[in-house]
Amino acid sequence: VSPVYLASVHVAPEIARQLPDVRLVAILRSPIERVYARFVARYRDGLERRSFAEVVRDDLREPLIRDVAFGTYLPAGFCSHVLRTYLDCFPRDRIRIYLFEDLQRDADALMTDLFSFLDVDPGHPVDTAVRHNASGGVIGSRATRALWTRTALPRAAVRRFVPRPLRDRTFALVSRSVVPLPLEPGLRAELGAVYRDEIDRLGAMLDRDLSHWHA
């Protein structure tokens, strides 16, 4: 399970070669919200030192539609050409595509539909009350923020050796009080122009109205 599967045109053919009968699930988010959420999370954790305006300026100097967009900001929001490779490699009934808003609006209905798609018990209860890895802002305590951001690289180095429950409890403690970091209206409008055609392409591909994704 990984979002990077929608960041390369080379993945779908390889999955089809190794797992031709696989069932595939994707949850797509507004590219504007996605790129800003990625920035905020990395900025919060000390992995990004630039301002978001600087990130946008830097990315606009390079090609945005790429065959491989692993680890990028703006380019990773262009995924319609990658999604097309899945639609070309697999029957449409082997792919289920949701929107992030579907999950937010009615997580239980989404899980019921997903379980039916996977041929497992659609009535199995799932606890969707807890939000995991929520970002939305920077750590409120200046001392905690400084300690958290300055230890980003050491934490990344030992991450795989630390049990997941301990990592989750530590993150919950550190991020229990965050200061919102809203996206500036001017940058939102600029991103709306950048992603306008991509959003329209995805809407046509999915046969869904994505006009609410426009800034």
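In this predicted model, the charged end of Arg 38 sits over the ring of Tyr 73, at 5.1 Å from its centre; a charge is counted in this way if NZ of Lys or CZ of Arg is within 6 Å of the ring centre and within 35 degrees of the ring normal. Arg 155 likewise lies over the face of Trp 148, 3.7 Å from the ring centre. Residues are numbered from 1 along each chain as its sequence is written. Local features need pLDDT of at least 70 and side-chain atom pairs pLDDT 80 or more, while totals for chains, interfaces and linings use all residues, and side-chain values use heavy atoms, without hydrogens and water.

Seven aromatic pairs were found across the whole structure (rings of Phe, Tyr and Trp, the last by its six-membered ring, with centres within 6.5 Å; planes under 30 degrees apart are stacked, over 60 edge-to-face, the rest tilted). Tyr 36 and Phe 52 form an edge-to-face pair, with 4.9 Å between centres and 75° between planes. This pair links helix H2 (residues 31–44), which holds Tyr 36, to helix H3 (residues 52–60), which holds Phe 52, across 16 residues; helices are DSSP runs of H or I of at least four residues, numbered from the N terminus. Both Tyr 36 and Phe 52 are buried, that is, under 20% relative accessible area with a 1.4 Å probe and protein chains only.

Trp 148 belongs to helix H7 (residues 142–150) and Phe 171 to helix H9 (residues 164–174), so the pair ties together parts 23 residues apart in sequence. Trp 148 is buried at 10% relative accessible area, and Phe 171 counts as buried at 17%.

Notes
Helices (H or I, at least four residues) and strands (E, at least two) are DSSP runs, numbered from the N terminus. Buried means under 20% relative accessible area, exposed over 50%, partly exposed in between (1.4 Å probe, protein chains only).
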